[in-house]
Amino acid sequence: MVFTLMMRFLAPEMIGHPMDIAAVLGTFTGLGTSAGVVMHFLLGTLGFAIGFVIVGPYLPGPGWLRGIIFMAAVWFLAGLIAMPILGVGLFFGGAKEAMAALFGHVALGAILGMVARLPDRLIQQRPL
C-alpha cells in the first residue's frame, strides 16, 4: 500500500507524473490495469516478503537496513532487467524516474525490514 500510494501521489510531485506500474503490467500482459494492480500488490506483499525472508538473514545490519539493502537490489534488477522488458526503458525511463523509484523501494525496504523481525545475524570471525 505504501509503495502504491507513493507512486500515485508522491511521484507526481517529484517527476511531474504518476508512476503507474499497474497500468504497465496490465498493458504488458494484456489483462488490463485492474489485473496489473493485483499483480503489483501480490508482488509487493507476497513476492518481496518471501524473498526478504529467504535473503534477509544473510544481509548485514539491523532489520531496517537489511530491508533497504534488499529492496535497493530489487530496484537495481528491476531497472536493469524488468523495466526494459516491460517497455518502460532502462532504469525506469529516466534519471528522475529512477530516483523516485529508488526512494519508493528504499522506503518499502525499511518498512519491510522493521516488520519482518528477522533473527539477529551474528558475524563470526575466524581466528587468524
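Student: Is Phe91 buried, partly exposed or exposed?

Tutor: Phe91 is partly exposed, at a relative accessible area of 21%. Buried means under 20%, exposed over 50%, and partly exposed lies in between, with a 1.4 Å probe and protein chains only. This is a predicted model: local features need pLDDT of at least 70, side-chain atom pairs count only at pLDDT 80 or more, and totals for chains, interfaces and linings use all residues. Residues are numbered from 1 along each chain as its sequence is written, and side-chain values use heavy atoms, leaving out hydrogens and water.

Student: And Phe76?

Tutor: Phe76 is partly exposed too, with a relative accessible area of 40%.

Student: How many aromatic pairs are there?

Tutor: The count is 4 aromatic pairs. Rings of Phe, Tyr and Trp (its six-membered ring) pair if their centres lie within 6.5 Å; planes under 30 degrees apart are stacked, over 60 edge-to-face, the rest tilted.

Student: What about Trp75 and Phe92, stacked or edge-to-face?

Tutor: Stacked, because the planes are at 15°, with the ring centres 6.3 Å apart. Trp75 sits in helix H4 (residues 63–86) and Phe92 in the loop between H4 and helix H5 (95–116), so the pair ties together parts 17 residues apart in sequence. Helices are DSSP runs (H or I, at least four residues), numbered from the N terminus. Both Trp75 and Phe92 are buried.

Student: What is the geometry of Phe76 and Phe91?

Tutor: That pair is tilted: 5.7 Å centre to centre, 50° between the planes. Phe76 is in H4 and Phe91 in the loop between H4 and H5, so this pair ties together parts 15 residues apart in sequence.

Student: Which residues do the ring pairs link into a cluster?

Tutor: Trp75, Phe76, Phe91 and Phe92.

Student: New topic. How many residues are in the largest nonpolar core?

Tutor: It has 24 residues, and those with the most contacts inside it are Met19, Ile21, Phe48, Phe70, Met71 and Phe92. A nonpolar core here is a set of buried Ala, Val, Leu, Ile, Met, Phe, Trp, Tyr and Cys residues joined through side-chain atoms within 4.5 Å.

Student: Which element gives the most to this core?

Tutor: H4, with 7 residues.

Student: What does Met71 touch?

Tutor: Not counting residues up to four places away in sequence, Met71 touches Phe48, His105, Leu108, Gly109 and Leu112. Contact means heavy atoms within 4.5 Å.

Student: His105: buried or exposed?

Tutor: Buried, with a relative accessible area of 7%. His105 lies in helix H5. Leaving aside neighbours within four places in sequence, His105 contacts Phe3, Met71, Val74, Trp75 and Phe92.

Conventions:
Helices (H or I, at least four residues) and strands (E, at least two) are DSSP runs, numbered from the N terminus.
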